[in-house]
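Me: I would like to learn how to read a structure like this one. Please give the general idea of each feature before the case at hand.

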Amino acid sequence: MNISPLKAYLRPNGSWGLRNHVLVLPLHSALSSSARAIEEASQGAVAITHDWSGEIDADLERIISTLAGFASNPNNFATIFLTLDSPNERRIIERAESLGLPNVVHLSLADAGSMHKLVDVGILEADQLLTRALLQERIPAPWSAIVLGLECGGSDALSGITANPALGVASDMLVDLGATSILGETTEILGAEHLLAARAITPEVGVEIVNTVLRYESSINYEGIDLRGAQPSRGNIEGGLSTLEEKSLGAAKKAGNAVFTGVLEYAEVPSAHGLFFMDTPGHDIEQLTGFAAGHVNIVVFTSGRGTPTGSATMPVIKVATNTPMATSLKDLIDLNAGTIADGIESLSEVGNRIFNEIVAVANGKETKAERGGHHEFSLSRLYN
Amino acid sequence: MKMEGFDHGTRGIGVRDYQLILPSVVCSTHISRRIAKDVNAVTFSHQHGCGIIGADVAGIGDFFASLADHPNVSSVLVVSLGCETIQGQELAEKLVTKNASTKYQIIQDSGGVEATVTAGITAVRSLQESYPTKRRPLNDLRVGISASSNSSIANNLLEALSALDIYTELVGGKSPADSFSHLMEKKVHLILSFPTGDQPASGFPLIPVINIASDSALHQAISADFDVPAGTPVENIVKLILEVANGRETIAEINKSGEILAPRLVRST
């Protein structure tokens, strides 16, 4: 079991890609439609769109980290940046290069001469990069190549009993083998933070976990809103969850029983292996964006209600918490953990199935979200 | 110049005839785009609908309602995930009390992605049949201007349009996308945009945007993205406004450029 069956794409900085994407990244919202047009006309490039128009405000540094981290995710063979060639856009590109992005193409609107020409040049560049990407081969990779993101969304009463603890089993197995696993969603550990802090590698890391939750809660209270009234969400309540604490205790189970090695800021790239906590919002897409920017290269997403969501860079494996949903939403669910509640499988059996699926997807198996071309994107802002 | 618009019932008379596929949450934006592509409707990407708190729950809901009630819109299909904060079904039920030509589709109740796309396409086609395009004279053109208030050409245009009894609204937001959203809420039929010299030309999915260049280096370098070069006389711009109102496509429309920016007040959770 210790010999890794993984094959992946080795990047020059030593990180590993489980995919070999050519990403088209507009650095201004007005270039979003150009990015989308390049994606549609190219032979397989992926594009994201967003609503940042270069505003310089209190969220600027967060946006720069997010876009630079996303661009340099190890699953990207190359990123084509569409820009107005502003100083902050150049900072994003430089940061992406320093984070290890191996192939950079910078297309400025002014150089192209018009949006129409920008799209034409972008398609040519994308197709050339895609041809080069095809020439790179997967090579045997160690277990540490995997950086797993743990995500849950649309939770229900079974989340904390079936899919989340089963994912915890898979996460523990991977961490034991030397991989990295990241738990996020600060909103969703509220009320369970003391249990996570007790598993910290040092007392300092434990304090950091608790402080991250306190910082988050006070930023929400500062807005004059009691989060404990807004969570669990309406969808969660309809799914049978009673309180925020119940939701949190269930959500935290995704991280199994491993020791917490450290705490990451939103979009921060971990510098060691092991289990981490990242300070991300509970908003599924902002959370996935933070993981991608933090160089997570594969995600397992548990859901009680079902969601089609995916990512432009990371394969996202969907695990259903209950059999009825897994049966009715077949084309968006990869695995069913409802069998635990049905009495058909044990927690460790489902945990093993999730582990095996992570390995298969890491080696190239397409997820349902990838097949459907789902790659929503959201920028997380703290100030508005 | 006589203007012919599209009769959109309770929404008013529009200068464009758009069906809107409205995703009530970021999670349904991709499926909305697939439906829109198949039936040649308009949709947009956004990152809202869930994880929002406080004033934004009502604010973003009202913003979506305002898009759905725009005079350039003929009918609306709301595409909902099902478990989002802004419940698509409730949004659609609210919209339908104002405009009967509204339907909704919920992914979690529809049997998955492909089933939602298929059902959504059927729903849009039935809206097309029930609410066929009807032309009608347009007598009360509403023009939005996105510019800083000290722009002299924008002020000259305001005067020229007022002299023609055309309603005008001037907004100078923090970005063109932000101004366009405010102007949309004022139900303007079309927008004249004066982006600052460091900003590109851009559009808005439901509203034709006429981009007017400044003499900045960027604008000179990308002059092909602008409908109107710097220094164009006001009367020529007024003539273009009337042509666009009568159906002439703007460059932003041809490029399908422009994203909708929903104004948000509070951080998401």
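Reply: Start with the salt bridge: a side-chain nitrogen of Lys or Arg within 4 Å of a carboxyl oxygen of Asp or Glu. Lys94(B) and Asp62(B) form such a pair, with their closest N and O atoms 3.6 Å apart. Lys94(B) lies in helix α3 (residues 88-98) of chain B and Asp62(B) in helix α2 (residues 55-68) of chain B, so the pair ties together parts that are 32 residues apart in sequence. Helices (H or I, at least four residues) and strands (E, at least two) are DSSP runs, numbered from the N terminus.

Me: What kind of model is this, and how are residues and chains labelled?

Reply: This is a predicted model, in which local features need pLDDT of at least 70 and side-chain atom pairs count only at pLDDT 80 or more, while totals for chains, interfaces and linings use all residues; side-chain values use heavy atoms, with hydrogens and water left out. Residues are numbered from 1 along each chain as its sequence is written, and chains are lettered from A and ligands numbered from 1 in the order in which they are written.

Me: Are Lys94(B) and Asp62(B) buried, exposed or partly exposed?

Reply: Buried means under 20% relative accessible area, exposed over 50%, and partly exposed in between (1.4 Å probe, protein chains only). Lys94(B) is partly exposed at 46%, and Asp62(B) is partly exposed at 44%.

Me: How many salt bridges are there over all chains?

Reply: The search of the whole structure finds 21. One of them joins Arg381(A) to Asp51(A), with the closest N and O atoms 3.0 Å apart. Arg381(A) lies in the segment after α15 (368-371) of chain A and Asp51(A) in the loop between β4 (46-47) and α2 (60-71) of chain A, so this pair ties together parts that are 330 residues apart in sequence. Arg381(A) is buried at 10% relative accessibility, and Asp51(A) is buried at 12%.

Me: Which residues are linked in a network of salt bridges?

Reply: Arg215(A), Glu265(A) and Asp279(A) are linked in this way. Between Arg215(A) and Asp279(A), the closest N and O atoms are 2.6 Å apart. Arg215(A) lies in helix α8 of chain A and Asp279(A) in the loop between β11 (274-278) and α12 of chain A, so the pair ties together parts that are 64 residues apart in sequence. Arg215(A) is partly exposed at 41%, whereas Asp279(A) is buried at 12%.

Me: How do I read the interface between the chains?

Reply: The size of an interface is often given as the accessible area lost when the parts come together. Buried area is the accessible area (1.4 Å probe) that two parts lose on being put together, summed over both. Chain A and chain B bury about 4300 Å² between them, with 54% of it on carbon and sulfur atoms. Contact means heavy atoms within 4.5 Å; 56 residues from chain A and 49 residues from chain B take part.

Me: How many salt bridges are there between chain A and chain B?

Reply: The count is one salt bridge. Lys37(B) pairs with Glu40(A), with the closest N and O atoms 3.0 Å apart. The elements that give two or more residues to the side of chain A that touches chain B include α1 (32-41), α5 (115-135) and α8 (203-222) of chain A. The largest share of that side, four residues, comes from α1(A).

Me: How many disulfides are there over all chains?

Reply: A disulfide is a covalent bond between the sulfur atoms of two cysteines. The rule here asks for a pair of cysteine sulfur atoms within 2.5 Å, and the count over all chains is zero. The sulfur of Cys152(A) is 12 Å from the closest cysteine sulfur, in Cys83(B), too far for a bond. Cys152(A) is buried, with a relative accessible area of 1%.

Me: Which residue other than glycine has a phi near 60 degrees?

Reply: Asn40(B) has this positive value. Asn40(B) is in the loop between α1 (29-39) and α2 of chain B, and is exposed at 71% relative accessibility. Lys256(B), also not a glycine, has a positive phi of about 50 degrees. Lys256(B) sits in the segment after α10 (251-254) of chain B and is exposed at 67%.
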